[in-house]
Structure formats: structure tokens, C-alpha cells
Amino acid sequence: MAGGTFATQGSHPRHAADGAITGSVVIICIVAASAGLIFGYDVGISGGITAMPPFLEKFFPSIPKKMAEAKPNQYCIFDSQALTAFTSSLYISGLVSSLIAGRVTTTTGRRGILIIGGIIFMIGTLLGVVAVNLAMLILGRLLLGFGVGFTNQAAPIYITEMAPPKWRGAFTTAFQSFLGGGALLATIINWFASKMGENGWRFSLGCAGIPAIIMTVGAFFIPDTPSSLIQRGQLQKARQSLNQVRGVDSDTEAELNNLINYHEAAKAATKQPYKTIFQRKYRPHLVMTAAIPSFQQLTGINIVAFYAPVLFRSVGLSLNGSLVGAIILNFINFSSTFVSAYSVDRFGRRLLFLEAGVQIILCQLVLAYIFSAELGTAGTSSFSKGSAILVLVLMCIISAGFGWSWGPLTWIVPSEILPLEVRPAGQGICIASNFLLTFILSQVFLSILCKMKYGVFLFYAGWVMIMTVFVGLFLPETKGLHLQEMNKIWQDHWFWYRFVEDPSSNYANLTDGNQNQNQNQPGHSL
């Protein structure tokens, strides 16, 4: 049942936490990370089809009329609340479902949430393909969001709980790699679909069902996480799951007993995680799980992903050129996640956050200058070809910095800092915060671009500066720590120590008490 081990430690049993990687854990985490594929595909597909004339003429006829004007305002061509409602509706339903998923996962487990989310996503895909009016189109989009909210809540936690502690960051980065890969795949499909005539957009939307089927079917063949199984009282299955991902030559009993004791301590501490996480001692966890995913959206990256073809058309590129530009942009984003996978467990999370912050700020400032010089405030001038290419280059640099920092780390850090007793609630808040900001920004971005003009890039540069300072001051390094040891970082932090209890004494008292109690119960032994 266990896969072959890539790193061996000799003939003697190795401790499960020493960081060796088995074939099983790689395959299992890839299946879970493929949840990012459906999210990334949907992000990438929306920007492409909203630049296709047949799609616009059918659902948003006012936009082609603006484009036909003699001297259109390049900032305002795509300013349509109906168009942004189509894009942003996914995120409002994702917000709701991510909060529901936090409660459902305690019954169905992480794997069950992946399956449920995948099925709902496929129904939404079908509805979008057959849509004949805007209401059907947006209803399908809402169902897509509901499915994505479930899968995004479960997948990062699943990978975090399954991965060897030494390589947890690299494994969790796979979620962002699949997300970037999904967006890249979507832009390539959009390029082909743009040449298919009036129903090419239906082909683009329909292809979303392929990654959803892959993830959903794959989820039926992977085990649930040991932590999730222990929470639901399935101890024998938890042992089998741990043996499968760590390998038959691993000493998994120590890790399993540690998980059992940790779960008993968490269960004794709380039975209402959504209320518990607002207690004072969980203040750093609550702040980080809400702030980090919110800040991710304030980099402006998803706005670039949604509207890249629209922006490239606004600066003078043809439909074909704008879609090619979007393909390049998404390829850079996808490739940069591998930089994160290599670096995150070697150099830590903080360094990637801080370096990318400086990189993104400088690019946003230069973009503001280029737009002000080329379009001014009237927006009726035309972009020179050289400036249009420079805009693409700068967006690629932003995308690369995001791809090795805020992209993957938004999924890594919250999922690893949350204690077990508030993990489902904290991850639900994390995804909900991300979707809430994405919904707001995607709904208002085209209006902001129309009104603020080139100042929109200064807006995002200011936010990236704030979040970079925030990380530098308030986020401790989590590289290489076991999940059960994570509370120590808050006790040693210059600011957060005043909120948290001494984790060593609190955890030791709880676990010692549970160990003594369990040792007196005949059924405790597995």
C-alpha cells in the first residue's frame, strides 16, 4: 500500500518526521493539489472570453458599441457592471461555501469536501456552457464559485497534514503551481477558441469540466488525512493513511500517538471552533488567516489575471495579440511557482514575501508612469507598440514575484499556523477573506480604472508597501517546524507573545492528562 521511498535512511526504521519523501505522498498530494487547477482555469478563462466579440455581443452588447467609437476612452471601454458581475459572482458564492465547508469537513473529512466541491463545479460548468442569457451565465458562475470554495478550503489543509514537515512548504506550493497551470491552460484554450466562431466561448467554458473530472475522480482513490480521520474517531484508518504516506519502513507509531494526543487536547479545549478562534490566545492566528489572503488580492494580481486580455486590448493590442500576451503572462506565473517550491523550505517564507514586495512595488510605479505618459488622463491617445510591450514585460515581472511569494504562501502559511482545534474554522476564514476581497476588487476594478486612470497602479503599489511592512514586523518564520510545535513561534514573537499562553505548559498539561486517561482505557491501544 505504501509507495516507494525516494530517500532512504538505511535498514533501520526511520522516524516519520525526518523528511523522507515516498511515492505515495507525492501522488496523493498531486491529486489534492489539482484542486488548484479548476480554480486557476476559471480565473484564466473569464478574462479571455470577455475579450471575445461573439461573447460580448451576446451578453454585453454595450461594450462593442464603445469600442466602435472614433476616439474611445481606453480606460473606460470595458467599464460595465454586468461584465464585472459575471467575473465577480464566482467569488461571492465561494465566500459563502468556504465558511460552510469549515463545518462540513468535520463530518465528511478533507477528501469528502474535495469530492463534493468537484461535483458542484461540474454542474456549474454545464450550466455555463448551455447559457442562453445573462441570468443562466451568472447562475452557472455562482455554482462554480460554490465548488471552488469547498475545494480551496480543503486542498491546502489536506496537503499540509499529509506532507513531511521538512518539505511541507514545497508540497503545499503544488496547489499554487496547479492554479497557475490552470490559468495558463485556460489562456491557451481561449486562443484556440477565439478562432472557432460565435460559439468558441462555449468551448472555453466547457473545458473547465476536464480538470474538475480529473480531481473528483482522483479524490475517490486517495485516503483522508490522519488528523481528519482521528477527529472522526477512525483510528485504524488513520494508521493506514499514515503508513501509506510515510512508507512501511517508517516509525509511524510515534507520529500517530502524537496526533492522537494533540487531537484529544484540542477536543478538550473546544467544540466550537468558530467561537474559539476569536478568543484572545488565538489572536495572531485570526489576524494572519484574515490578513494574508486579503493582502494577496491587494497585490492586484488577480485583477491582472481576470482582465489581462482586456488591459492588453486597452493599450492597443489586437484580440489575438492580447490573448498571446495573456498566455505569456500566465506562463511566467506558472513557472515562478517552481522557484517557490525550491526556495520556500530552504530560505523561508519571510524572505520570499519581502523580496517580492519590493519587486512588485517598483513595477507598479513604473506602470503608473507609462500609462500617465501614454494615455494621460483623457485616455483617448494610442499606446505606442514599444510601450505596450513594456507593459507586458512589467506585468510579467509582477506575475513572477507573485508566483514565488504571495501566490503559494497565501495557502502555505495559514494552513500551517492554525492549531488543530481551530483549523477548519481558520481555513474557512482564510478562504472567505480571499474571496471577499477578490469579489470587491473584481467588481469595482474596471470602474476604478475608468475613474482613477493610471492612479490605479499607485493604489496597488501603496497596498503592497503596507503589506510588506506588515510581514516584516508581524509574521514569524515557520520553516521546518512541525504543526504541533507551531504555537512556539508566537510565544517568542516581540508582539504576539502578550496574546498567547505558554504553549509548552498548556499543551503538556492537556496531553499528559489525556495520556493518563487513555492508558487506563483498554480500547486505547490500536
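A residue is called buried under 20% relative accessible area, exposed over 50% and partly exposed in between (1.4 Å probe, protein chains only). Buried residues account for 60% of the 526 residues in the protein chain. The model is predicted: local features need pLDDT of at least 70, side-chain atom pairs count only at pLDDT 80 or more, and totals for chains, interfaces and linings use all residues. Residues are numbered from 1 along each chain as its sequence is written, and side-chain values use heavy atoms, with hydrogens and water left out.

The protein chain has 23 helices and 2 strands. Helices (H or I, at least four residues) and strands (E, at least two) are DSSP runs, numbered from the N terminus. Contact means heavy atoms within 4.5 Å. Among contacts in the protein chain between residues at least 6 apart in sequence, 80% join residues at least 24 apart.

Confidence is given by pLDDT, the predictor's confidence in each residue, from 0 to 100. The protein chain has a mean pLDDT of 81, and 82% of its residues reach 70 or more. Over residues 1-18, pLDDT stays under 50, and the model has 47 contacts beyond four places in sequence for them. Over residues 503-526, pLDDT also stays under 50, with 25 such contacts beyond four places in sequence. Where pLDDT is low, the predicted coordinates should not be read in detail.

Helix 6 (residues 134-162) meets helix 20 (residues 423-452). Their axes come within 10 Å and cross at roughly 130°. Axes are lines fitted to C-alpha atoms, for helices over the stretch in contact, and angles run from 0 to 180 degrees between N-to-C directions. Helix 6 is therefore oblique to helix 20. Angles under 35 degrees count as roughly parallel, over 145 as roughly antiparallel, 65 to 115 as roughly perpendicular and the rest as oblique. Helix 6 contributes Val148, Gly149, Asn152, Gln153, Pro156, Ile157 and Glu161 to the contact, and helix 20 contributes Arg423, Pro424, Gln427, Gly428, Ile431 and Phe435.

Two single residues were examined. Ser340 lies in helix 16 (residues 319-347). Ser340 is buried, at a relative accessible area of 0%. Beyond residues up to four places away in sequence, Ser340 touches Thr173, Leu352, Gly403, Trp404 and Pro408. His482 sits in the loop between helix 21 (455-474) and helix 22 (488-491). His482 counts as partly exposed, because its relative accessibility is 24%. The C-alpha atoms of His482 and Ile417 are 9.8 Å apart, whereas 65 residues separate the two along the chain.
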